[in-house]
Amino acid sequence: DHCNAAQIEQPRWQDVSDRRGGRTAWSSVVVVGEKQFPARYWYDGNYVEQAREDAAECALQFYGQTPATTNYQRAYGQVSS
C-alpha cells in the first residue's frame, strides 16, 4: 500500500539461505526501487514468510511507516540473529 501511495515500484523479495550444521537458516531481502532491505533475523525453513515480513518491516521503517509487530511470532520462528 505504501508503494502505491508513494508511486514507487512494487517490492520484490529474494529469499536467502545459510547452511548451519545439520540445518538451514533462511532470511529474506526486500528490494524497493534500487534500495535493498535485509531481514534482521534468520529463521527456520517453516517460517520463511516471517523473514519476508521482517524485511518489509525494515523497509517501512526506513520510509517512516511503523507497522504492528508480532514479536512472539518472530521469536518462535527465529533461528539466530
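This is a predicted model: local features need pLDDT of at least 70, side-chain atom pairs count only at pLDDT 80 or more; totals for chains, interfaces and linings use all residues.
1. Let's start with helix 2 itself. Helix 2 covers residues 48-62, 15 residues in total, and spans 22 Å from its first C-alpha to its last. That is close to the 21 Å expected at 1.5 Å a residue. Just after the helix, have a look at G64, which takes a positive phi of about 85°.

2. Which residues of helix 2 are buried? They are V48, Q50, A51, D54, A55, E57, C58 and A59. As a reminder when you view the helix, an α-helix has 3.6 residues a turn, so residues three or four places apart point the same way. Note that the buried set includes the acidic residues D54 and E57; D54 comes back in the next point.

3. The side chain of D54 meets that of R40 in a salt bridge, at 2.6 Å from N to O. R40 sits in the loop between strand 3 (35-38) and strand 4, while D54 belongs to helix 2, so this pair ties together parts 14 residues apart in sequence. R40, for its part, is partly exposed, with a relative accessible area of 34%.

4. Next, please turn to R52, also in helix 2. R52 and D15 form a salt bridge through their side chains, with 2.5 Å between N and O. Because D15 lies in strand 1 (residues 12-20) and R52 in helix 2, the contact ties together parts that are 37 residues apart in sequence. Both partners are partly exposed: R52 has 27% relative accessibility, and D15 has 29%.

5. Where does the salt-bridge partner of R23 lie? First, the contact: R23 forms a salt bridge with D44, and their closest N and O atoms are 2.4 Å apart. D44 is in the loop between strand 4 (42-43) and helix 2, whereas R23 is in strand 2 (residues 23-32); this pair links distant parts of the chain, 21 residues apart. D44 has 18% relative accessibility and counts as buried, because the cut-off is under 20%.

6. To put these contacts in context, the structure holds seven salt bridges. Among them are R52 with D15, R23 with D44 and R40 with D54. In general, side chains of opposite charge can pair when their charged atoms come close.

Key
Residues are numbered from 1 along each chain as its sequence is written. Side-chain values use heavy atoms; hydrogens and water are left out. Helices (H or I, at least four residues) and strands (E, at least two) are DSSP runs, numbered from the N terminus. The expected span of a helix is 1.5 Å times one less than its number of residues. Buried means under 20% relative accessible area, exposed over 50%, partly exposed in between (1.4 Å probe, protein chains only). A salt bridge is a side-chain nitrogen of Lys or Arg within 4 Å of a carboxyl oxygen of Asp or Glu.
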